[in-house]
Amino acid sequence: MSTNSASASQLYNVSRGQIEHYNMSIGLRLIWLNNCLAFMFGIYSALTIFQSATPYWHTKAQMMSVVIPYIGVAVSLFTLVDVVMGIVRMGNVLKHYNLEGQKEMSGLPMLDGTATDRFFQRLSPVAQSIFFMMVWLYLILYDKHIF
């Protein structure tokens, strides 16, 4: 095996490993977002629907029903930033691979699919974070009687 093909395959393996790492990281962030927001939606709905047994707990429930949507917006926003940064890092790895690999690549498979594949792979995590943020913002505005 020549040194060019060895370095080309090493570049491919390292770049592919980094992209898989960022893909897994984004997937984990979305799992955490879904689990966190499922819990928060459940608590929020329980706080807004059920009556408290005592005035003390009623006051606490009202405070929590005000705070939880803001926490939901913050969690969604932080997840969105983290996902976008992961996508940017994957783009940098792909750009480096394409720049370095053009000199030596012959017959190695595509690293991360076509541009259309990448667009749709990255659309879902970003859209999901934005959607959750919009739902929480709507609930905040609804509570303030703006909608």
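Student: Which residues make the nonpolar surface patch of about 370 Å²?

Tutor: This is a predicted model, where local features need pLDDT of at least 70, side-chain atom pairs count only at pLDDT 80 or more, and totals for chains, interfaces and linings use all residues. Residues are numbered from 1 along each chain as its sequence is written, and side-chain values use heavy atoms, without hydrogens and water. Patch members have over 30% relative accessible area and no salt bridge; nonpolar side chains (Val, Leu, Ile, Met, Phe, Trp, Tyr) are joined within 5 Å, like charges within 9 Å. The patch is made by Leu77, Val81, Val84, Met85 and Val88.

Student: How many salt bridges does a search of the whole structure find?

Tutor: A salt bridge puts a side-chain nitrogen of Lys or Arg within 4 Å of a carboxyl oxygen of Asp or Glu. Glu20 pairs with Arg16, closest N and O atoms 3.2 Å apart. Arg29 pairs with Asp82 at 2.3 Å. The search finds two.

Student: Where in helix 3 does the kink of about 25° lie?

Tutor: The bend is the angle between axes fitted to the seven residues ending at a residue and the seven starting there. The kink comes shortly before the proline Pro125. It lies at Leu123.

Definitions and conventions:
Accessible areas come from the Shrake-Rupley method with a 1.4 Å probe; for residues, only the protein chains shown count as cover. Helices (H or I, at least four residues) and strands (E, at least two) are DSSP runs, numbered from the N terminus.
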